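Work through the exercises below with the model open. Try each task before reading its solution.

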Amino acid sequence: MVLSLKTTRLLLIASLAIPALAQRYKFREYRQENGLGNLATTAMLQDRDQYLWVGTQNGLYRYDGAQFTHFGKAEGLPAAYILGIVQGRDGTIWVNTQLGVARWRQGRFVAEHVYVDPADTAGMGIAIAKNDTLYVSAPGGVIVGKKTGRDFTYAFSLAYLPPWAKTKTIFQIVTDERNRAWFGCGSGLCVLDEDGRLEIHQGDWGVAPDRWDGAGFDFDGGFWLRSNSRLLHKPAGAARFEDAGRFVKAFDLPFVFLGKGGNVYFPSRDGIWVLWRSGMQWRHFGPENGLTGEAVTAVLRDHEGSLWIGYLGDGVARWLGFEEWEGWTKQEGLNSNAVWTLMRDGTKRLWAGTDNGVNYFDEGARRWRSLGGEAGKQLGRIMSLAQAGPATFWASSQQKGLIEVDARSLTYRVVGFPAGRSIEGLYC
């Protein structure tokens, strides 16, 4: 095959390009200038009217798409410190605060159950079941609110926990298909029904003693249990929990969130870990991906598909274009985070030229593979890729010159620099 200098110049001219660092995403931040008066986010909810509610350490805020409106004690909340927000099937919005529980009613909040002393606060846990039974963490146990059927009125009772199963703080409560509440208690797991019947699992079900603060069901009916040092998963129908094989360090709030698309989100002290439903793969997103803060406390996927992220001290951010595009790094198999060029070959396989050779994307495994394995990483900086035939293409290396690639056999042949020229000589 005869390769002209003109073609060679076309392949190598990309050495003047700037590398595309593919792991950056676009976020929009919301802070005081947007009306969010407190930046310590504690909880988030999008209601059925698509308003976004943001709980903070000093007030509750509602976002209408243009600005935030503040709600505090003057608007009926028992306290300004917001612990959790949920909405029932009947549309009622419930808010757990440091001094009690309130619900949104006729344009203002009405306190329904008030704590006697701030020291009595037992955590951020609040959940509502499909039959609108309300569960709220409380001093000594869990408050159970049951609908009486009269003008949306509720009757509240306290389900006590035995002394050995009590915990200072119940961070997260979730409900199942049987309208039961699941939450960490003592050094184990508690399951409570609306009539006060309590199951306590400490040592059985594979639950090792720990402070299990985070709890959540996933898209397949499995259950996640999270502490500050461990992550357990109980698949649907399984008798016991198993180690999830992934440790996610939390920033004091080891929550578990399920997104509308089925992904499971784990806020951490260094961003967000996501268990992607597609392919069951783990992904991490942090400051290196564009997040402005590190300590993530809350995650919410809204009705439009955007991901909202709450920080402990840095306000709220909205991930623009979430799941519409994605970035890859060495963690996903790239030879280098510096990517200079991308190309799809005749079989639609995606190729990348990096600082350390050529990669191709394995669709089945959803990972990048190195052309030539470890040896292929010595091909140097790949500046350009150009299709030569249905199953062949050319790659230009700053160090090795021209490389011919067979896309079917996934092999390559180093041709080198034409007529012994260096890259500098090609630009003369």
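**Exercise 1.** Are Arg-318 and Asp-302 buried or exposed?

*Solution.* This is a predicted model. Buried means under 20% relative accessible area. Both Arg-318 and Asp-302 are buried. Now take the contact. Arg-318 forms a salt bridge with Asp-302, with the closest N and O atoms 4.0 Å apart. Arg-318 sits in strand E28 (residues 316-319), and Asp-302 in the loop between strand E26 (296-301) and strand E27 (307-311), so the pair ties together parts that are 16 residues apart in sequence.

**Exercise 2.** Which residues are linked with Lys-146 in a network of salt bridges?

*Solution.* The network links Lys-146, Asp-193, Asp-195 and Arg-197. One of its contacts is Asp-195 to Lys-146, with closest N and O atoms 3.1 Å apart. Asp-195 is in the loop between strand E16 (188-192) and strand E17 (198-201), and Lys-146 is in strand E12.

**Exercise 3.** Trace the pairing of strand E8 (residues 100-105).

*Solution.* Start with strand E7 (residues 93-97): four bridges join E7 to E8, antiparallel. Val-95 has Ala-102 as its bridge partner. Then turn to strand E9 (residues 108-114): E8 and E9 pair antiparallel over six bridges. Here Gly-100 stands opposite Val-114. In the hairpin of E8 and E9, Gln-106 takes a positive phi near 55 degrees.

Key: Residues numbered from 1 in each chain as written. Predicted model: local features only at pLDDT ≥ 70, side-chain atom pairs only at ≥ 80, totals over all residues. Heavy atoms only, no water. Pairing = 2+ DSSP bridges. Helix = DSSP H or I, 4+ residues; strand = E, 2+ residues; numbered from the N terminus. Salt bridge = Lys/Arg side-chain N within 4 Å of Asp/Glu carboxyl O. Buried < 20%, exposed > 50% of the residue type's maximum accessible area, 1.4 Å probe, protein only.
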